[in-house]
Number of protein chains: 2
Amino acid sequence: MRGMDLRVAITSVQRQAAEKLRAAILAGVFRPGDRLVEADLCAKLGVSRPSVREALRSLEAEGLVTIIPNRGPQIPVLTWTQAAEIYRVREMLEGEAATLCAKHATQADIEQMRVALDLFGKAVRGADSALRLSATADFYGIMQKAAGNSLIDELLRRLMARINFLRAQSMSRRDRAQSSLREMRVILEAIERGDSEGARRAAALHVKAAANAARAVLGGEDVMQEKLRGPEKKARAASSKKNRPARASR
Amino acid sequence: MRGMDLRVAITSVQRQAAEKLRAAILAGVFRPGDRLVEADLCAKLGVSRPSVREALRSLEAEGLVTIIPNRGPQIPVLTWTQAAEIYRVREMLEGEAATLCAKHATQADIEQMRVALDLFGKAVRGADSALRLSATADFYGIMQKAAGNSLIDELLRRLMARINFLRAQSMSRRDRAQSSLREMRVILEAIERGDSEGARRAAALHVKAAANAARAVLGGEDVMQEKLRGPEKKARAASSKKNRPARASR
DNA sequence: ATCCTGGAGATTGTCAGACAATCTGTCAAT
DNA sequence: ATTGACAGATTGTCTGACAATCTCCAGGAT
């Protein structure tokens, strides 16, 4: 093979740290509002503070954590307004990706998407939430790669990361997962018949539906702040037990 | 005034460093392909290496610099493919911003945009490139603020930063600047009459024209790599002469 | 009893210095 | 001319330190 990639994966500690943290956040290890104490992260990741801090700067620029001066990093709490903005942009970008995919996808691409979609269908029927997430990720991953615009791919990936928390919550509702499956089928059908504008519309519709489901979870107006900040105090008491057992005397 | 913002600007060294660097890159102090040596930046910014490194991480995530492991940060060299992707996304986002602006803009917003556009016209006639840049920035700044979607605003700002170099080059051509002025007038007119779809079309058209002008500068295919990497070697000899004494003098 | 005021502890922001790993360019040897 | 080794420059990472700031709790004043 002429174009085989022989490069050894060369990476650095803080890059790995950033990756681990990103994965942890996406996996829901931390919840919105949680503070990330540098010292703890050092211990958990097994690296020094400078590396952790650099990793955190990267994540901050990606919007995955918010760093408040003199207070430190924490998982951002989304308001509904912010979430709505993300969904709106996602709608445009995903629509474009679907259009591009309908134009450029090879038979192999389409075949892969079909496999991913079948897998998703199985996950929905079996209520397997982990498989559901990975199957959708696959489906979109293939679509975006086939679309051939790497910027859209990257932007979408970051936006998805930011609303990951919401997606997990709204997807856990069975009916939403099933509608989602139907909508994705429509997208794929349009791509199969090379209907680029149809694919765009279908993708946009799908995101709109997802946004509606998310709004239901979030409560329409920006009440979410209270919804999530209410439990925070209780959570802090619990987590302080975990973080500094020595002082749990009270 | 009830809502007056009394907060003192609380910020940190590395945030300021990041800002300074960002501004320097946008101002064209560094050219694509230039390496940013940490020690030099420390000297120029007057801060320590950890702060510089954290600032660089932020800029990396924003796409303003590329950090190659064991080689360090450098200003990314855009290929035409990448630039085209950016213009495509910019077209969508700016179209949406124009639409939203047409829907939500107040009379005051429109008035401000008109002022900025007049200023831009004056800059074009007077061949004042600095004023040209600030006037366009104003025009779009007002438009995006009036649109009321802060995510689009932020994404556009970052994308613009990445193609800043191209914009400066293609805008320096008088005819392009004049077409630009005409196109922006059309956008504003659509906004004034509340024609949201017209505003979207006009904005998209404007970005398409800008992309064409940029392609002319960049040479259509990805030849740019050579174009910019050629002078790099000569530049390095000169810059090392320039960079080294700074170390000795302090 | 409630509110204000210190202070103690925790955490972040920043720096200096050090050292290994890696890259780059030069120069000699084949 | 290509290869190989060496020296210098630069990055990646860690340690330790200290000031600035925040948070929470206790004690005192009203």
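**A residue and its setting**

Modeller: Ile142(B) lies in helix H6 of chain B, residues 129-147; helices (H or I, at least four residues) and strands (E, at least two) are DSSP runs, numbered from the N terminus. This is a predicted model, in which local features need pLDDT of at least 70 and side-chain atom pairs count only at pLDDT 80 or more, while totals for chains, interfaces and linings use all residues. Residues are numbered from 1 along each chain as its sequence is written, and chains are lettered from A and ligands numbered from 1 in the order in which they are written.

Ile142(B) is buried, because 22 other C-beta atoms lie within 10 Å. The cut-offs are 20 or more other C-beta atoms within 10 Å of a residue's own for buried, 12 or fewer for exposed, and partly exposed in between, with C-beta atoms placed from the backbone. Leaving out residues up to four places away in sequence, Ile142(B) touches Asp109(B), Gln112(B), Met113(B) and Ala116(B); contact requires C-beta atoms, placed from the backbone, within 7 Å. Cys101(B) is 41 residues from Ile142(B) in sequence, and their C-alpha atoms are 9.2 Å apart.

Ala127(A) sits in the loop between helix H5 (107-126) and helix H6 (129-147) of chain A and is exposed, since it has 11 other C-beta atoms within 10 Å. Asn70(B), in the loop between strand S1 (66-68) and strand S2 (72-74) of chain B, is also exposed, with 6 such atoms within 10 Å. Most residues other than glycine have a negative phi. Phi of Ala127(A), however, is positive, near 55°, and that of Asn70(B) is positive at about 65°.

As for the interface, 23 residues of chain B are in contact with 23 residues of chain A. On the side of chain B that touches chain A, helix H3 (49-62), helix H4 (80-104) and helix H7 (150-171) each supply at least two residues. H3(B) gives the largest share, eight residues. This side divides into ten nonpolar, five polar and eight charged residues, where Ala, Val, Leu, Ile, Met, Phe, Trp, Tyr, Cys and Pro count as nonpolar, Asp, Glu, Lys and Arg as charged, and the others, Gly among them, as polar.

Chain B superposes on chain A by a rotation of 180° with 0.0 Å of shift along its axis (RMSD 0.0 Å), by least squares on the C-alpha atoms of residues with pLDDT of at least 70 in both. The two copies are therefore related as by a two-fold rotation axis. The copies meet through the same surface, because 100% of the interface residues of chain B are also interface residues in chain A.

Conventions
Contact = placed C-beta atoms within 7 Å.
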